[in-house]
Every structure is written in structure tokens, then in C-alpha cells.
Amino acid sequence: MRAKVLIIADDLTGALDSAVGFAAPGRRVMVARSPEDVAETWATRPDVLAVNTSSREISAEAAAARVTHALEALSPDDFDVVMKKVDSRLKGNPAAETAALARWAGRARQVACPAIPEMDRRVEGGALVGAGVADPIPVASRFDDPVEVPEIGSDAELDRLVTDAPDSPLWIGARGLSFALARQLGVTAPPDTGLAAPVMIANGSRDPVTLAQIAALPDSLTRIEAPDGTTSDTPPAPGQPLVLTITDGGGALPGAEAARRFAETIARTTQTARPGALVICGGESAQAALDRLSVTSLQIIAELRPGLPLCRIDTAWGPVDIVTKSGGFGAPGLLAEIVTTAGTR
């Protein structure tokens with residue numbers, strides 16, 4: 001029988017980024033967008049279930065409660081591999097959330113390894129060091145329960161760690177660890193694929209990295225601006241690629257309200273444009289747009305590019321590819337490359 005995997009993450013990006021390593025033909029990898037969606041998502045009988053608890057920015061007590069709620073519809077006996085996905089720099093509430101998961105899983109041994117060698121983030125002397133880590137972060141100090149903190153500086157060392165484990169501990173880590181666990185189960189790499197055409201890009205980020213990517217898109221794309229999240233422009237007819245991007249309308253709206261308005265604009269625009277793929281830039285915008293589109297779970301199909309999980313949802317006009325991208329991620333030509341290669345798979 002194929003091994004079953006459970007991943008508990010504190011945000012949607014982390015749930016997607018850790019679960020995508022298990023994507024392979026014939027393997028069903030599902031992400032529940034909230035604790036309330038776990039029972040429905042688990043009923044689809046996935047091989048890998050990742051759960052977003054949306055708990056990084058709340059209190060430790062509330063975060064633990066959300067993890068506990070997410071686990072109510074599940075049994076630890078159903079899973080061979082259990083992983084607590086944590087922020088790669090250990091932000092948020094890793095101690096409270098891991099303790100709640102450990103109590104449910106009944107796995108006394110906990111192995112914490114937030115290393116991501118492909119990003120040059122390593123664990124040395126019990127501390128996380130490397131790219132993006134200004135000062136060494138002592139790993140064990142971020143947890144209440146005793147955790148093992150192995151020295152990891154390469155993917156090969158991650159592979160040895162998971163292969164040589166004498167039992168099935170509670171694994172604690174980020175993308176590097178999840179991909180090593182996937183390799184141990186026989187998944188060598190997520191399948192290579194492209195996006196369905198036409199592509200609609202919905203940009204809710206004002207990060208300079210994403211704005212440069214928007215500016216580099218081909219002139220042939222229809223461009224629609226949404227000041228403070230709303231627009232009166234008419235979307236193009238179905239079959240045409242377009243980019244919808246939020247701009248400053250001078251209303252000084254809070255980010256959450258602008259994201260809500262933008263989500264409504266995204267949903268309304270997709271009804272007319274009927275894209276084959278929807279690329280959503282910006283975490284708040286992605287969450288709000290998926291809410292507005294009534295998406296409770298996502299099936300991960302592949303990894304479009306490193307750090308860009310490709311999911312699929314069903315809509316009134318057929319299957320639609322979904323990609324979520326954080327604001328500060330990617331090279332200047334990333335979005336242009338995605339658009340120009342769409343429909344080639």
C-alpha cells in the first residue's frame with residue numbers, strides 16, 4: 001500500500017510549497033485551504049494531505065487551537081509520514097503548533113530540520129544559517145518539546161537523514177525536508193509541465209519584484225488596472241491573455257479591504273475572460289480570490305518553476321490551472337516566460 005503523508009502548514013504558500021515535492025503521475029496531492037475544509041478534502045482519498053491553518057500571524061494559543069481543529073477529522077493511524085511544515089526562518093508559532101501536532105500524532109521523537117540547501121540555508125552547530133539569515137537562529141530554542149537538530153548542509157545529507165531514520169518521527173521542517181521525504185518514497189521530482197492557455201495574471205502585489213515582472217510582460221497582453229482593487233474596464237473576450245493589476249487609487253484603503261475588492265474583481269473578470277490558467281500574485285490577494293471563487297481545496301499537479309506549485313480547480317467553463325506567487329519571488333522575466341510558453345504542453 002502506498003504511504004500516506006500529512007503536512008500541517010501555517011500558511012497557504014507553505015502548504016503548497018512543501019506538498020508539491022510529492023506530486024507525480026498517479027499520485028493525488030491535495031491541500032485543504034483551512035481547518036474547516038479538512039474533512040471534505042480528506043474524503044477525496046489523497047495520498048498526500050496538506051493543511052493550511054493560516055496561523056502564523058495570530059497568538060500561540062490560537063494557533064495551537066487551529067492545528068487541533070484541523071486534526072479533528074483525521075486519525076494518526078491513517079498516516080505513515082507526518083510533517084509540521086514551519087517557516088524556513090522559524091517565524092510564527094512553531095512551538096505551540098508542533099506541540100499540538102505531536103500530541104495528536106503520538107510520536108515522541110521529533111526531528112527539526114529547517115534547512116533548504118537549494119536556497120543555501122543550512123543547519124550548522126544546531127543553528128539555521130545561510131542565505132537570508134542575518135544571524136544564526138538556534139533551532140531547538142524555538143520549540144517547547146525536546147527536538148533533535150541534525151547538521152544538514154546538502155540535499156544528500158537530507159536524504160541520508162530520512163533514509164536512515166530508525167522509526168517514523170514527527171518531522172519538522174520546510175521545503176528541503178519535504179522534498180527529501182518525497183524522494184525517500186520514490187518521487188524523484190515533480191513532473192515538468194506548462195500552463196493551459198490563455199493565461200490571466202491577477203497581480204495584487206505592490207512589491208517591486210512583481211511590478212518589474214508585470215512591466216516585462218509582452219505588449220500583446222490586454223492590461224487592466226484596478227485602482228484600490230476595482231475597475232470599470234471591460235475584460236477581453238474568452239481566449240485572450242490578460243493581466244489585471246491592482247494600483248493605488250488614492251483611497252488609502254487598508255490592505256485587507258483592497259484585497260477583498262480586488263478578489264471580487266478577479267472573480268468577475270474570470271467569468272468573462274474564462275482563462276485556462278490563473279496566476280495570482282500576492283498572498284493576501286490569492287487567499288481572498290480563492291475565497292471569492294469558492295475554492296476550498298487545491299489539487300497539486302506539478303511544479304511550474306521552483307517555488308511555483310501548479311494546481312487545478314474545476315470551474316463552470318472547465319478545468320483551470322492555478323498558480324500562486326509571492327510578491328518578492330522570481331526573476332524579472334518570470335511572468336513573461338510563463339505567458340509565452342502557455343499552451344505548449
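Analyst: Helices (H or I, at least four residues) and strands (E, at least two) are DSSP runs, numbered from the N terminus. The model is predicted, so local features need pLDDT of at least 70 and side-chain atom pairs count only at pLDDT 80 or more, while totals for chains, interfaces and linings use all residues. Residues are numbered from 1 along each chain as its sequence is written, and side-chain values use heavy atoms, without hydrogens and water.

A pocket is an open set of points on a 1 Å grid over the protein atoms alone, where a 1.4 Å probe fits, with protein on both sides within 12 Å along at least five of seven lines; its lining residues have an atom within 4 Å of a point. The largest pocket has a volume of about 690 Å³, counted as the space filled by probe spheres set on the points, which are joined across faces, edges and corners.

Its lining holds 25 residues, and Thr13, Asp17, Ser88, Met119 and Ser326 lie nearest the centre. Two or more lining residues come from each of helix H1 (12-19), strand E15 (308-315) and strand E16 (318-325). H1 gives the most, with four residues. By type, the lining of the largest pocket has 11 charged, eight nonpolar and six polar residues; Ala, Val, Leu, Ile, Met, Phe, Trp, Tyr, Cys and Pro count as nonpolar, Asp, Glu, Lys and Arg as charged, and the others, Gly among them, as polar.

H1 and E16 also each supply at least two residues to the lining of the second largest pocket.
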